[in-house]
Amino acid sequence: MIGEFLSYGFVQRGLVAGSFAAAACALLGVFLVLKRLSLIGDGMSHVCLTGVAVALLTSTNPVYMSVPVVMLSSLGIMKLTQKFKIYGDAAIGIVSAAGLSVGLMITAFAGGFNTDLLGYLFGSILTVARAEAVLCGVLLAVVLAGLLFFYRDLTSACFDEPFACTRGIRAGAVNTALVMVTSVAVVLAFKVVGIFLISALIIIPPVSALLLSRTFKQVLWLAAGFGVASVWLGVYLSFVFNIPSGATIILVNLLFLAGSYVYSKWGVKDAR
Amino acid sequence: MQSVIRAESLRFAYTRVPVLENISFDVKSGDYVGLIGPNGGGKTTLLKLLLGLEKGSGEIFLFGTPLEEFKDWHKIGYLAQKSPVSQSRFPISAEEVVLMGLPSRRGAAVSRAELKEVYAAMQQTRTREYAGRIFHDLSIGQQQRVLLARALVSKPELLILDEPSTALDASSREMFFDLLGELNSKHGVTILLITHDTGEVGKYISKFMYVDKTLVFFGTKEEFCKSDKVAQKLGAFAQHTIDHLHNHGHCPLGCSCGEEHK
């Protein structure tokens, strides 16, 4: 069964792209969760709908159309919180509502939902094209390189932003870079689990990892591991039981979270 | 003496009503300045302005360099009033926290020389035994001592501290202020410290800065005790000082003005 599953080209592409995207989302998610910015992924995913709707209306590639739209929106969220002193969750809510309503308006103007749009809303990992898989690989490489190079600045800015500023670290620039790369990750990953569930790939693996880890490096490794494992197991289960892949990936993530909670609560005590 | 912090006509406002205005002073090398004032008087805001964490109007010079051009952040150690992660579960060890005080480097690897400096700073604040423990698992007082080690690890020439002793027990507080006193007297470290407990730190402090929306007083502690402007402004605090004088027969600030008060 597993041999047959892995023999299909579309499955291989989906698994590779999904693994790259899930690992990138989880690594970025660790910083966003700890900085209490994780819902920004949710806001961005709603804004994706505008990009996808415009792309479907103009027959262009939804990924290329969504990247600038989501980047501009996340900059909007940052400006609302920094310049206008609006609370982060409120700013995300404003931009998210704007993105969703504009997207729905364009969709209605274009004549309503079609199968392509539904594929983006709920994910279609098995339709990932080769170029998209390559882009997901490039994204993961950028995230890993940034993490290795700026590890100290990132952890310092994430742990204690005011103190980081007194070390000459430009925490504002770190936040902007983090949010910009997350924008790209959200867009590239929406084919994996769908627009509605993308934020779960950013939030759940880091939260599971935080429950089990004793060091920051462990959190990063575990979060990426949970993300990748959920894609492989989710796609396999959806193949075997003929169920939606995006939702299955997220349910597997929730199982990992439940297992992590149980282990952190009782497993560690028993080990002691 | 070299100027360490020079502020000229500082003004800061969140809305139209200024939180701080007309603030000008010059802290010299080797000064130990106690920054006092009522709650909401703008003490913490002033420290944030000096560190570039808030932007106001006026000019600030650190070690003679305009704040906007200042790059030698390793010369400054900063300790905030509150622990940064008291409510969250950030899986980072105490020694990793102290490491953050060293000048930032690229990459994740830690050199042996850096670890040596980290442990030396932890030894100073009696936190070496917590080095491998998760910062979040330490008590608030222990966390505060680890954060002091982080402020000291780069061997700063200027320490800026915002009510650092509030979470400490009596013995840790004594150790804390003795250490600051030693850094100031033996190593010439300039210190700017927000405090409400003038009695406890009075014996170490050389100058007082009293801020209540504006700069009410800046001078030596002898001048502070004799200042009519301060007596007028202090109210309850002045009363407390006078009570202390009556009860103990000497100035609680440890200055030589006790005879005159009596």
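**Salt bridges and the A–B interface**

In this predicted model, R6(B) and E8(B) pair up through their side chains in a salt bridge at 2.0 Å, N to O (a salt bridge being a side-chain nitrogen of Lys or Arg within 4 Å of a carboxyl oxygen of Asp or Glu). Both partners are partly exposed, with E8(B) at 28% and R6(B) at 29% relative accessibility (buried is under 20% relative accessible area, exposed over 50%, partly exposed in between, with a 1.4 Å probe and protein chains only). Over all chains, the whole structure holds 9 salt bridges.

As for ground rules, the model is predicted, so local features need pLDDT of at least 70 and side-chain atom pairs count only at pLDDT 80 or more, while totals for chains, interfaces and linings use all residues. Residues are numbered from 1 along each chain as its sequence is written, chains are lettered from A and ligands numbered from 1 in the order in which they are written, and side-chain values use heavy atoms, with hydrogens and water left out.

Between chain A and chain B there are 3 salt bridges. In one of them, R152(A) meets E114(B) at 2.8 Å, N to O. R152(A) counts as buried at 10% relative accessibility, and E114(B) is buried too, at 7%. Another links R214(A) to D137(B) at 3.8 Å, N to O. Here R214(A) sits in the loop between α11 and α12 of chain A and D137(B) in the loop between α3 and α4 (140–152) of chain B, so the pair joins two chains (helices are DSSP runs of H or I, at least four residues, numbered from the N terminus). R214(A) is partly exposed at 48%, as is D137(B) at 41%.

Turning to the interface as a whole, 28 residues of chain A contact 35 of chain B (contact means heavy atoms within 4.5 Å). The two chains bury about 2,700 Å² between them, 58% of it on carbon and sulfur atoms (this is the accessible area, with a 1.4 Å probe, that two parts lose on being put together, summed over both). R152(A), F159(A) and R167(A) supply 34% of the area that chain A buries against chain B, more than any other three residues.

Chain A itself has 13 helices and 0 strands. Its C-alpha trace spans about 55 × 50 × 30 Å along the principal axes. Of its 272 residues, 50% count as buried.
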